[in-house]
Amino acid sequence: MTRLDPSTYLDHLRRESARFREVLTDCDPRARVPACPDWDADDLLWHLAEVQWFWARTVRARPAAPDEDAARVERPTSRIELIAHFDDSSTDLLAELEAADPAEPAWSWAPEQTVGFTFRRQAHEALIHRLDAEQTAGTVTPLDPALAADGVAELLDVMYGGEAPEWGRFEASQHLVRVALTDVGTDLWVRPGLFFGTDPESRKNYDSAHLVLTDPGEASATVSGRAADVDAWLWKRRDDSDITVEGERAAYDALLAAVSPPLD
């Protein structure tokens with residue numbers, strides 16, 4: 001599917017970050033985050049502040065990779081300082097992205113090495129953590145369908161999938177799964193399988209379920225639901241009660257294996 005316009009990602013990043021702050025400002029700082037039970041509300045606030053601080057610095061230093069020896073911001077000890085740090089981090093990230101060309105080279109942890117990666121990734125980071133904040137506070141508002149649909153595509157193609165790097169290999173299964181986003185009329189086709197390899201930098205060995213987006217074909221199984229429900233389900237922020245599954249159970253199980261690791 002076609003990605004959203006960079007200005008649209010920026011608009012979503014701005015709105016979702018503002019809503020995140022609004023919700024957590026009035027939330028009990030000790031309230032637990034349902035999707036991340038080890039965190040309380042202040043841990044969630046600190047997490048997104050750190051993420052936005054890191055990516056503002058990364059875009060500013062483009063195309064160089066982040067300096068691993070650079071000093072990091074220490075966590076503030078008071079809630080007022082924590083909110084102020086989030087405000088500074090969010091403002092800086094928006095300013096850096098507004099001044100950048102999405103096509104410019106920039107470091108990322110993914111194969112895509114452009115500023116455009118950060119436009120997209122940070123819009124979805126803010127969206128999902130806004131949902132976390134609302135679930136923590138007990139008042140949930142809808143997810144934008146177009147952004148959620150793009151989030152599903154990003155999850156399947158980047159967070160849980162993608163082409164194998166040159167040091168690894170992907171062994172595709174015989175299963176083809178159609179992911180139907182019913183409210184926006186979008187179908188995504190994924191082929192689950194297994195990824196093997198050893199990262200030459202970290203020396204980490206991989207032997208895990210994986211998937212790739214692929215061309216349409218005869219589906220072994222179809223997973224369908226509204227874009228917001230599928231996006232939140234894949235992020236482990238909602239259960240599968242609003243998801244419909246048809247076809248071969250083995251194909252669905254292969255998809256589940258690929259998307260089983262939790263995401264913060």
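Helices (H or I, at least four residues) and strands (E, at least two) are DSSP runs here, numbered from the N terminus. This is a predicted model, in which local features need pLDDT of at least 70, side-chain atom pairs count only at pLDDT 80 or more, and totals for chains, interfaces and linings use all residues. Residues are numbered from 1 along each chain as its sequence is written, and side-chain values use heavy atoms, with hydrogens and water left out. Here is a friendly tour, beginning with the salt bridges.

**Salt bridges**

- The whole structure contains 22 salt bridges, a salt bridge being a side-chain nitrogen of Lys or Arg within 4 Å of a carboxyl oxygen of Asp or Glu.
- Arg19 pairs with Glu22 in one of these salt bridges, with 3.1 Å between the closest N and O atoms. The two residues are three apart in helix α1 (residues 6-25), so about one helical turn separates them.
- Arg19 is partly exposed at 22% relative accessibility, and Glu22 is partly exposed at 47%. The cut-offs behind these words are under 20% relative accessible area for buried, over 50% for exposed, and partly exposed in between (1.4 Å probe, protein chains only).
- Arg19 and Glu22 also belong to a network of salt bridges that links Glu16, Arg19, Glu22, Arg130 and Glu134.
- Arg79 and Asp42 meet through their side chains in a salt bridge of 2.7 Å, N to O. This pair links distant parts of the chain, with Arg79 in helix α3 (residues 79-98) and Asp42 in helix α2 (residues 41-60), 37 residues apart. Arg79 and Asp42 are both buried.
- Asp43 forms a salt bridge with Arg75, and their closest N and O atoms are 2.8 Å apart. Asp43 lies in helix α2 and Arg75 in the loop between α2 and α3, so the pair ties together parts that are 32 residues apart in sequence. Arg75 is partly exposed, at 36% relative accessible area.

- Two packed helices are described by the angle between their axes and the distance between the axes.
- For α2 and helix α4 (residues 115-137), the axes come within 11 Å and cross at roughly 170 degrees. The axes are lines fitted to C-alpha atoms, for helices over the stretch in contact, and angles run from 0 to 180 degrees between N-to-C directions.
- This crossing makes α2 roughly antiparallel to α4, given that angles under 35 degrees count as roughly parallel, over 145 as roughly antiparallel, 65 to 115 as roughly perpendicular and the rest as oblique.
- On the α2 side, the residues making the contact include Leu44, Leu48, Val51 and Trp55, while those of α4 include Phe117, Ala126, His129 and Ala133. Contact here means heavy atoms within 4.5 Å.
- Phe117, in helix α4, is buried at 4% relative accessibility.
- Leaving out residues up to four places away in sequence, Phe117 touches Arg3, Trp55, Ser108, Trp109, Ala110, Glu112 and Val158.

- Thr198 belongs to strand β5 (residues 186-198) and is partly exposed, with 28% relative accessibility.
- Apart from neighbours within four places in sequence, Thr198 contacts Trp167, Arg203, Lys204 and Asn205.
- The side chains of Thr198 and Asn205 are joined by a polar contact of 2.5 Å. A polar contact is a pair of N or O atoms within 3.5 Å; within protein, one must be able to donate a hydrogen and the other to accept it, and residues adjacent in sequence count only if both atoms are side-chain atoms.
- Arg203 sits in the loop between β5 and β6 (205-213) and is exposed at 56% relative accessibility.

**Backbone details**

- Arg203 has a positive phi of about 65 degrees, although it is not a glycine.
- Lys236, also not a glycine, has a positive phi of about 65 degrees. Lys236 is in the loop between α6 (227-234) and β8 (244-247) and is partly exposed at 33% relative accessible area.
- The peptide bond from Arg62 to Pro63 is cis, with omega near 0 degrees, and Pro63 is in the loop between α2 and α3.

**Cysteines**

- The structure has zero disulfides, a disulfide being a pair of cysteine sulfur atoms within 2.5 Å.
- Cys27 is in no disulfide, and the nearest cysteine sulfur, that of Cys36, is 14 Å away.
- Cys27 is buried at 9% relative accessible area, and Cys36 is buried at 7% relative accessibility.
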